[in-house]
Amino acid sequence: MKYEFVSASEDSRLDHVGSYRRRLPVSLDRMYENALDWQHLPFQHSSSFSAIDCLDYGGWGWRATVTSVQGGGASTSLLELMLDRDARCWITRNLEGPNVGAEIWTHVFVVSERVLDIVVDFFVPDVPKTARDKVGMAYANAYENLYDEDVAMMTERQRQLDQRLDGINRGEKIELGIADGLELPLQVTLSGRRFVLNRLSDEGAGLPENWVVYPAQCPHQLGPLGEVPLVEGTVRCPWHGYVFDVTTGACVSGSHCQFGEVPQVLLSDAEVTLCWKALS
Ligand code: FES
Ligand SMILES: [Fe+2]
């Protein structure tokens with residue numbers, strides 16, 4: 001267990017059922033980004049949430065109808081998250097549904113540029129005093145799971161952001177060998193950028209139009225596309241569920257973002273080479 005559970009004290013708010021405390025290897029920017037990021041709930045936290053319908057959002061926070069999954073059942077709640085940057089705090093309120101009236105207050109303490117301590121206080125109305133620890137621990141365990149998933153996402157995004165990219169070297173190419181011998185999907189680096197080489201179908205290794213190359217990072221927030229399955233010519237990003245057509249680079253799930261330039265695949269004597277298109 002990476003966190004500390006603290007029982008509610010006698011003189012705290014009547015509905016305080018406990019606190020979750022944890023040190024996180026992330027910056028304040030990544031943490032705020034994550035708190036405001038309502039879209040990731042049913043994707044990055046798919047074992048906890050199955051759907052979200054956002055009613056309003058902005059720099060202040062978000063309000064959304066959220067479907068939670070627990071033990072094979074599902075329940076829907078109206079949740080509101082409000083961020084107070086001055087106080088380095090955000091409050092999630094349960095406005096409708098099970099546990100209506102519950103509030104979760106998260107305070108952030110900056111330890112260093114990329115290390116934060118968080119203290120999450122759980123307030124749940126109408127919990128008998130004798131049951132507070134049990135309810136508090138249930139919330140803390142749920143938060144442990146959510147933060148494990150969020151830390152993975154935040155640290156990977158930071159790692160991608162830290163990679164400074166130089167311009168494309170148009171003369172650069174990479175010879176990958178015999179087409180039939182390649183284990184796909186194959187991640188390759190060209191001009192410092194990671195790409196995925198794949199085929200639209202298992203057949204047709206000799207057909208140039210059957211080969212596709214797409215970025216290993218999602219153009220939305222740099223989510224990982226390298227391991228996700230290619231389904232009918234599309235990939236779905238695991239962070240927010242955006243779906244991209246790997247042939248055109250367009251997002252086909254309603255977003256405006258799209259893939260940037262990718263190298264072309266050359267087939268010569270059954271050998272595969274990736275290279276950049278010459279600028280006309
Ligand atoms: S990072 Fe958001 S959909 Fe990919
Ligand atoms: Fe999250």
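Trainee: By class, how many nonpolar, polar and charged residues does the lining of the second largest pocket have?

Mentor: Ala, Val, Leu, Ile, Met, Phe, Trp, Tyr, Cys and Pro count as nonpolar, Asp, Glu, Lys and Arg as charged, and the others, Gly among them, as polar. On that basis the lining of the second largest pocket has nine nonpolar, five polar and three charged residues.

Trainee: Before we go on, what kind of model is this?

Mentor: Residues count from 1 along each chain as its sequence is written, chains are lettered from A and ligands numbered from 1 in the order written, and side-chain values use heavy atoms, without hydrogens and water. Local features need pLDDT of at least 70, side-chain atom pairs count only at pLDDT 80 or more, and totals for chains, interfaces and linings use all residues, since this is a predicted model.

Trainee: What is the volume of the second largest pocket?

Mentor: A pocket is an open set of points on a 1 Å grid over the protein atoms alone where a 1.4 Å probe fits, with protein on both sides within 12 Å along at least five of seven lines; lining residues have an atom within 4 Å of a point. The space filled by probe spheres set on those points comes to about 350 Å³.

Trainee: Which element gives the most to the lining of the largest pocket?

Mentor: The largest pocket has a volume of about 870 Å³. Of its 35 lining residues, Phe49, Leu79, Ile104, Tyr143 and Leu146 are the closest to the centre. Elements supplying at least two residues include helix 1 (28–36), strand 4 (61–70) and helix 3 (132–162); helices (H or I, at least four residues) and strands (E, at least two) are DSSP runs numbered from the N terminus. With seven residues, the top contributor is helix 3.

Trainee: Is histidine 45 buried or exposed?

Mentor: Buried means under 20% relative accessible area, exposed over 50%, partly exposed in between (1.4 Å probe, protein chains only). Histidine 45 has a relative accessible area of 2%, so it is buried.
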